[in-house]
Amino acid sequence: MLNRISTFFYRRPGLVLALFLTPPLLYMVVVYLGSLFSLLINSFFSIDDFTGMVIREFTLKTYAQIFNPANREIFMRTGSMAFFVTVVDALIAFPLAYYIAKFSSRRLKTWLLIAVTIPLWSSYLVRVYAWKLILAKEGILSWFINLLHLNGPLDWLLSLPGIGGSSLSLSPIGMFIVFVYIWLPYMIIPIQTALERVPGSLLEASSDLGAKPYQTFRTVILPLAFPGVVAGSIFTFSLTLGDFIVPLTLGNSKFFIGQAVYSYQGTGGNIPLAAAMTMGPVVIMVVYLLIARKLGAFDAL
Amino acid sequence: MPSKSSDNLPKAPLGLTLAALGTLLFLHVPMWIIFLYTLTPDETTYTFPLPGFTTKWFGVALQRADLWRSLTLSMQVAAIATLAALILGTLAAAAVYRSNFFGRESISFLLVLPIALPGIVTGIALRTAIGGLDIPFSFWTIVIGHATFCVVVVYNNVLARFRRTSGTMIEASMDLGANSFQTFRYVVLPNIATALLAGGMLAFALSFDEVIVTTFTAGQQTTLPIWIFGQLSRPRDRPVTNVVATIVILITFLPIFFAQKISAEASDTEGETK
């Protein structure tokens, strides 16, 4: 009996393929793409100012709202945070990625990669929480800064308009540190992958031809590692753009995109505005992905 | 297995070694600090150095019924989302591996989308869809949300394994008279077993801690991450939160560690971990 069924399917590879593909495709297309589509539709609805009910008619009114000065400022603020986090993550990630790719034995490499991927997969929320403890006014970082007699510079930093705040745990500087920390592993892995593909013979050739180590680094290694940096930046940029946990935990009253979406749909009950606001990161990321593909980042993923 | 020949490495400059070490410490030390704070007797602040030491908070946390409910809920959600991801991810990987069909490249793209787009997009998209269909938010809506981004983890692990497994083994099995079911049971399954295990464990860890999508797809249910999130914005039970955070790290550490170890051993080459 089983043999007959087996033969039946063996002769019809197309049918088998369809049987394999249907469940995952059905799920992803209906549930996931369907939801994204409903998000898009909702962004073209609007909300009745008096009743607070969603008016299910096509309008661009809601989109006009996201370009008002307050929301434009939110986009600028979030975009620049994502940009600086990405740049600093790339700078911090590079030495470790370079060390793993080019200076560690096979055994050490396995362990170092595990050491990088454990924070990547482990609880994002708990990692944010750790910084709540560290950055607290009475916490370990303040104690350390006090020990080094650096209170003056810290107070000066916190007094700066725009990035300062009452303490590190309630300021854009604090958020910046936490974002850099949280997304760092996402930058290390792609850079390491890209560097791994640079053949050792290329570096030897460069030095045989008289390049100093610094020149080899600048003209051979760095350009070849660049696609990895771009690949990593997709994650650091996208994740910062959509996050609302860090701003809610460490931020002040100045909103970030994720936070705005969260409050528009939650306390505000304005689903259309939340949906239109979410389209911002979606469009930014699609453009970003297209540019990244041009720069060869997908090969480094 | 090649011997030490590949280990003929140049020595790293001291500055680079120190920078690499510093980055590693930066990645790991903050988590150790939570462990330290579980021992503080201080209930209202995060004072450092700790004003004393106590182990009573572990006992207090164990007594909390709300925590047990949240922990159980998170475990159940993660278990079912992982099961769904294992089935859907393996089917998709098998289809992509064995045949060439129109739109094959788009499958990977579609599957990776839930983790490539910011979590808030997936969250609010699901919320508008579920709300628009008047489906009540429940345990199952949380599971549906989690499964969308867990599938890709299993898919990637299993597909990578299929690509390393030789197709001739399957042909040999069929030639020797095994039917498809026997071939699956005795040849394919043992081959992909550890990939399923690794993918499943990562999917479990991913679902167990997820908070962004969950805040949009949960009704009145409080998963453990939602409980912690509540404490982040309005700290009420600081010492208990420290204990919970520690427990979450420990619960997710083992599956992540073993999943990475399995993948590292299976590929035994450098590179790709995700």
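This is a predicted model: local features need pLDDT of at least 70, side-chain atom pairs count only at pLDDT 80 or more; totals for chains, interfaces and linings use all residues.
Residues are numbered from 1 along each chain as its sequence is written, chains are lettered from A in the order in which they are written, and side-chain values use heavy atoms, without hydrogens and water.

**Interface**
- In chain A, 94 residues are in contact with 92 residues of chain B, contact meaning heavy atoms within 4.5 Å.
- The two chains bury about 8600 Å² between them, 78% of it on carbon and sulfur atoms, where buried area is the accessible area (1.4 Å probe) lost on being put together, summed over both parts.
- On the chain A side, A:Arg106, A:Trp121 and A:Tyr129 lose the most area to chain B, together 10% of what that side buries.

**Helix pair**
- The axes of helix 9 (residues 172-196) of chain A and helix 1 (residues 14-37) of chain B come within 10 Å and cross at roughly 135 degrees.
- The contact involves, among others, A:Tyr181 and A:Leu184 of helix 9 of chain A, and B:Phe26 and B:Leu27 of helix 1 of chain B.

**Salt bridges**
- Across the interface of chain A and chain B there are zero salt bridges, defined as a side-chain nitrogen of Lys or Arg within 4 Å of a carboxyl oxygen of Asp or Glu, whereas the count over all chains is four.
- A:Arg77 forms a salt bridge with A:Glu73, with the closest N and O atoms 2.7 Å apart.

Key:
Axes are lines fitted to C-alpha atoms, for helices over the stretch in contact, and angles run from 0 to 180 degrees between N-to-C directions. Helices (H or I, at least four residues) and strands (E, at least two) are DSSP runs, numbered from the N terminus.
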